[in-house]
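Subject: Handover of a structure and its strand pairing

Dear colleague,

Please find the structure below for your reference.

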Amino acid sequence: MNCLLINPFYPISETPSPPLGLAYLASALESANCPVKILDFVVHPYGKPVLKTALNAFSPKIVGVTSVTMNFNEAIRIVQDIKSLNPDIITVMGGPHVTFCSRETLEAFPEIDVVVLGEGEDTLVRLVQASRNEWPEISGIVYRDSDRIGATPPKSQWIDVDTLSLPARHLLPLGRYRALGMPLTMTTSRGCPFQCIFCVGRKMVGARVRYRNPVSVVDELESLSGLGFHQINIADDLFTANERHCLSICDEIIQRNIQVRWTSFARVDTVSLRVLKRMKAAGCAAVSFGIESGNVDILKTIRKGITRDQVVQAVSWCHQVGIQAHGSFILGLPGETPETIKETLAFGDQLRETGLSYGFHMLAPFPGTLVREESGKYGIKILSSDWSDYHANRAIVETPDVSQNMMNAIVMEWEDDFNRQLGRIADRIKSGEASESEAYTLINLERTVLLYDLMMNQILETDGKIPAGDRSVNSDQAVQDLVVRILPKLKNTTKEKLTDTVLHALNRNYIHYSSTNETIQWDWTNIQPDERVD
Ligand code: B12
Ligand code: SF4
């Protein structure tokens with residue numbers, strides 16, 4: 001009973017990581033002896049012919065597609081294509097979007113057969129093993145049953161995360177994410193005891209935090225540390241929820257002397273100088289805090305449960321121990337006025353003085369959040385029902401005092417500022433005045449954009465086979481031959497920039513070539529989770 005899992009497209013600007021949820025699902029399937037494959041359209045271009053080839057080659061009984069709200073439209077397009085190619089395939093969707101609007105989604109899209117609610121490992125295994133008439137016995141699903149929609153009771157227990165087998169990363173295109181400079185993610189726990197009204201994290205993973213054994217966590221981290229990713233993100237909703245758990249992991253890393261750069265999410269009220277010092281000693285480079293607003297009334301309304309003083313304290317502790325604190329603010333929260341926005345901007349500036357880097361998102365009222373379910377009570381007007389607008393980079397809500405245009409103007413000004421800064425760095429690089437680290441940031445960004453272009457336009461796949469004649473080819477010649485061949489296919493670059501990027505990618509083994517007497521063949525390098533490449 002083959003199962004194909006699919007990661008639909010979302011933009012590289014959201015810093016995608018290899019899809020951890022799908023890797024956990026695949027691992028559960030493998031443990032149950034169900035053959036499984038993953039198609040990842042974040043780092044491969046999507047097209048119906050590609051899907052058709054994959055379906056023909058693997059003949060899955062079930063195809064499972066994940067999505068968050070912002071890429072639900074991409075996900076549904078894939079599900080529709082699957083059904084049009086083979087109506088017998090059972091289509092399943094899961095993840096933090098459909099979990100909270102399952103019935104509406106099944107009603108609107110007849111191509112979906114089943115929605116799995118919440119954590120999916122055990123449920124998907126049961127679905128793959130069951131026949132259709134056994135679906136009513138599988139907890140935590142909403143499904144199509146002839147012309148009606150059926151729903152089973154929620155699962156009675158959260159998964160014991162210590163019993164889960166490690167994510168099946170060998171099925172993921174890790175090499176492509178590494179080439180794009182994206183981080184790898186792993187988790188040490190699931191759950192969050194807090195109830196911020198704009199978040200579905202807690203509803204996805206439960207209020208009681210379930211911890212993994214620190215030794216097995218560090219075994220996983222150690223094996224990931226050799227894969228050549230620049231950073232590993234601990235994707236727990238709240239890594240610092242429990243001091244003992246957090247310290248045990250740090251101590252285990254320190255004791256084994258693992259050299260790895262990692263980051264995590266935290267709340268300003270769940271860190272202390274003691275914890276941060278230990279995190280730093282264990283390799284933590286940055287911590288992301290949800291600060292959300294500079295206005296105390298808004299912080300109360302959204303049930304964040306933190307104070308401005310706690311924010312100031314946590315940021316200054318990070319600075320003291322040498323961890324980069326990153327703050328994320330949300331504009332358009334209930335009670336937002338022009339004054340509260342000014343307060344938030346001023347708070348960000350004040351914190352920048354003590355080392356905070358920060359950014360903004362606009363409120364996106366995702367299905368399942370209290371701010372959506374009770375938008376009237378919170379005075380929030382929701383302006384879009386097109387899920388592709390829910391990327392949180394432009395305003396899709398208004399408060400009585402702040403219009404959509406006003407919020408967009410602020411964010412656009414912020415983005416223009418950022419672009420102007422990049423422009424200034426580019427000028428300084430040209431005039432030779434840029435510092436090494438400034439230049440590196442911009443050059444790296446340009447390389448990533450170029451590599452992403454090569455990847456998503458399949459340029460190595462279509463043009464990477466080059467006749468060598470009867471020359472013996474060294475690496476300089478192989479690079480030159482490739483550059484000459486592919487330059488006309490790429491807009492917005494120069495021969496020098498392309499040569500630099502190809503050399504950089506070759507030296508880091510993001511791409512490689514093999515040469516025979518007659519041809520040079522270029523390709524992306526994949527990596528397996530049990531390899532050491534650093
Ligand atoms: C780490 C994280 C990130 C990281 C890494 C993201 C990544 N793709 O790897 C970063 C910081 C980059 C990030 C970015 C964003 N994130 Co984020 N993120 C998280 C976080 C904290 C954990 C996600 C995670 O890795 N969980 C661990 C894995 C194992 O779980 P999982 O992926 O959910 O998969 C399980 C289930 O969902 C289910 N499942 C999932 N898919 C499928 C498919 C099938 C077929 C089945 C059967 C089951 C199933 O089974 C899986 C195993 O149990 C969650 C909070 C949360 N608890 O969900 C938010 C969360 C997912 N992010 C969220 C958002 C909004 C975003 C952004 C859009 C940010 C933005 N612009 O606003 C981007 C988009 C990125 C994207 N497309 O995923 C929202 C999504 C809400 C929504 N409805 O859209 C969440 C829920 C937080 C919130 N605000 O409520 N994110
Ligand atoms: S925003 Fe963070 S602290 Fe608040 S509920 Fe979501 S995961 Fe928990």
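Strand β11 (residues 232-234) and strand β12 (residues 262-266) run parallel and are joined by 3 bridges. Within this pair, I232 stands opposite W262 of β12. Please note that the model is a predicted one.

These two strands belong to an open sheet of 6 strands, in which the pairing is parallel and the order is β8-β11-β12-β13-β14-β15. The edges of the sheet are formed by β8 (184-186) and β15, each of which pairs on one side only. From one strand to the next, the twist averages 25°.

Further along the sheet, strand β13 (residues 284-292) pairs with strand β14 (residues 324-331) in the parallel sense, over 6 bridges. Here F289 is found opposite G327 in β14.

On to the next pair: β14 also pairs with strand β15 (residues 357-362), in the parallel sense and over 6 bridges. In this pairing, S328 has G359 of β15 as its bridge partner.

Which helix makes a β-α-β unit with β14 and β15, and what is the handedness of that unit? The helix is α13 (residues 338-352), and the unit that it makes with the two strands is right-handed.

Yours sincerely

Notes: Residues numbered from 1 in each chain as written. Chains lettered and ligands numbered in written order. Predicted model: local features only at pLDDT ≥ 70, side-chain atom pairs only at ≥ 80, totals over all residues. Pairing = 2+ DSSP bridges. Helix = DSSP H or I, 4+ residues; strand = E, 2+ residues; numbered from the N terminus. Right-handed = clockwise from strand over helix to strand, strands pointing away. Axes fitted to C-alpha atoms, helices over the stretch in contact; angles between N-to-C directions.
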